[in-house]
Amino acid sequence: MQEHTVKAFDEDITRLRGLIAEMGGLAEVAIEEAMRALVSGDEDLAASVVERDKKLDVLEAEVDALAIRIIALRAPMADDLREIIAALKIGGVVERIGDYAKNIAKRVGSIEGRKRFEPLTLIPAMADVAAEMVHDVLTAFAARDPVLAREVIERDEKVDAFYDSIFRNLVSYMVENPATISSAAQLLFVARNLERIGDHATNVAEMVHFAALGTLPPDR
Amino acid sequence: MVTETQPKMRTRDVTVSYGDKVAVDSVSIDIPSEYVTSFIGPSGCGKSTFLRALNRMNDTIPTARFQGHIELDGEDIYRSKMDVVQLRARVGMVFQKPNPFPKSIFENVAYGPRIHGLAEGKAELDTIVEKSLRRAGLWDEVKDRLADSGTTLSGGQQQRLCIARAIAVQPEVILMDEPCSALDPIATAKIEELIDELRGRYAIVIVTHSMQQAARVSQRTAFFHLGKMVEYGHTSDIFTNPREVRTKDYITGRYG
């Protein structure tokens, strides 16, 4: 893309994009590590996921401040304006994704008898899809790629299908083994969190599409 | 190209040259009556020349040559029998620097209606002057000093006086050539507010270097570059999602 006549404008936008990329990287790692902690019962790892979520909050505040500064100082127009508004919204959404990962990590200590749970094999597979959505949608933002963004949106169906299947699985588990209700309910929340992460990745994809083309993707 | 139900002015393949230099190159546009239309573009892009073609102001420049076709309510304004003085009353103009006559505030506004025979007697003239000054948002500031010279007003007031002067002859179209570029931000805001109030009553065309101003006051925007009209559309589309790369580069500050 051609440079702005005012070079500092380009520097601001590059920095904003860098912050979003950094947030995306942190959120993706948080999902993966929360999942690893959940499966292995590693409470130290879970605690470090919770601790590192603070960094995401700090970065979100930086994104907000920088985006507001750019709008105030540069009065951006057209694709610049769309990109800055998208970054502002994406920052908020990625921070929420981090919160869901943190919430999963917080539940690690409350799962008992994890070897018995069949859903515990489905949940990491679901998490892989969700984490990959987060990864790819931020790649789409970095590359200003609306095609990849639409592709990510389509993948949300897969996450929803996982959720339905895990839900049914856990309910029948609870019916058959009332002693597992407490742990199974925790896992239900985990699956729910992953499902929300998929939805949020979809929201990010819509913003990427908007930033690139000025329109929201069709058939939302 | 935006199609309007009933354009106030219609231009087809308008080309204006100064000697050998083509300033405006084959511009076709419909000016709506119910909206404010802004012309934007870098210096020398032809937007002011094109604006001045709309009321034949370029006729006064000996080297200027006009080709093409411009209609006002379907009437060819470049036909030989056209009364140019009458045309400029119907299509009024406000310039970059406020240019009140060196006469009283009252006379500045009364002059037009008087020479065009729009008022019968002093009472009616008074009414026209008051109404025009009110409409230009200046009445309350000048009603007690109508006999003072127009040049004693502040820059922003002078510009509103010029707008009142244009309004007084009951124009159908008001052309504004960078009307705020010599004004401070408060006076600018007052003019913008005024433009918004006048919208609907007159077709308004404004040339401006401030893209924020174009975005704020107009509903239609045309982008000019090197004499051509590159893009014309709804202002909100032009500033959020322009179709043409040249428009985008200009409004995002990447031009040149």
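Helices (H or I, at least four residues) and strands (E, at least two) are DSSP runs, numbered from the N terminus. This is a predicted model, in which local features need pLDDT of at least 70, side-chain atom pairs count only at pLDDT 80 or more, and totals for chains, interfaces and linings use all residues. Residues are numbered from 1 along each chain as its sequence is written, while chains are lettered from A and ligands numbered from 1 in the order in which they are written.

**View 1. Chain A comes to six helices and zero strands.**
Its elements run α-α-α-α-α-α from the N terminus on. The radius of gyration of chain A is 19 Å, close to the 17 Å that the globule rule gives for 220 residues, so chain A is as compact as a globular protein of that length. That radius is taken over C-alpha atoms, and the globule rule is 2.2 Å times the number of residues to the power 0.38. Along the principal axes, the C-alpha trace of chain A spans about 65 × 35 × 20 Å. Buried residues account for 43% of the 220 residues in chain A. A residue is buried if 20 or more other C-beta atoms lie within 10 Å of its own, exposed if 12 or fewer, and partly exposed in between, with C-beta atoms placed from the backbone. Of the contacts in chain A between residues at least 6 apart in sequence, 81% join residues at least 24 apart. Two residues are in contact if their C-beta atoms, placed from the backbone, lie within 7 Å.

**View 2. Helix α3 (residues 78–106) of chain A packs with helix α6 (residues 181–213) of chain A.**
The angle is about 170°, and the axes are 9 Å apart. That makes α3(A) roughly antiparallel to α6(A). Axes are lines fitted to C-alpha atoms, for helices over the stretch in contact, and angles run from 0 to 180 degrees between N-to-C directions. Angles under 35 degrees count as roughly parallel, over 145 as roughly antiparallel, 65 to 115 as roughly perpendicular and the rest as oblique. On the α3(A) side, the contact includes R82(A), A86(A), I90(A), V93(A), I97(A) and Y100(A). On the α6(A) side, it includes V190(A), I197(A), H200(A), V204(A), M207(A) and F210(A). The residues of this contact divide into 13 nonpolar, four polar and five charged. Ala, Val, Leu, Ile, Met, Phe, Trp, Tyr, Cys and Pro count as nonpolar, Asp, Glu, Lys and Arg as charged, and the others, Gly among them, as polar.

**View 3. α3(A) is largely enclosed by the rest of the structure, because 21 of its 29 residues are buried.**
From its first C-alpha to its last, α3(A) reaches 42 Å, close to the 42 Å expected at 1.5 Å a residue. The expected span is 1.5 Å times one less than the number of residues in the helix. A78(A) is found in this helix. Its phi is positive, about 50°, although A78(A) is not a glycine. Most residues other than glycine have a negative phi. A78(A) is buried, with 22 other C-beta atoms within 10 Å.

**View 4. Chain A meets chain B through 15 residues from chain A and 14 residues from chain B.**
On the side of chain A that touches chain B, helix α3 of chain A gives the most, with five residues. The residues of that side divide into seven nonpolar, four polar and four charged.

**View 5. Chain B holds ten helices and ten strands.**
Its radius of gyration is 18 Å, close to the 18 Å that the globule rule gives for 256 residues, so chain B is as compact as a globular protein of that length. The C-alpha atoms of chain B fill a box of roughly 55 × 45 × 35 Å, taken along the principal axes. Of the 256 residues in chain B, 46% are buried. Residues 24 or more positions apart account for 68% of its contacts with a separation of 6 or more.

**View 6. Helix α6 (residues 155–168) of chain B has 14 residues.**
α6(B) reaches 20 Å from its first C-alpha to its last, close to the 20 Å expected at 1.5 Å a residue. Of its 14 residues, 13 are buried, so α6(B) is largely enclosed by the rest of the structure. Q170(B) follows α6(B) and has a positive phi, near 50°.

**View 7. M82(B) and L226(B) lie in loops of chain B.**
M82(B) sits between β5 (75–76) and α2 (84–90). With 14 C-beta neighbours inside 10 Å, M82(B) counts as partly exposed. Leaving aside neighbours within four places in sequence, M82(B) is in contact with I77(B) and L87(B). L226(B) lies between β9 (220–225) and β10 (228–234). L226(B) is not a glycine, yet has a positive phi of about 50°. L226(B) is partly exposed, with 14 other C-beta atoms within 10 Å.
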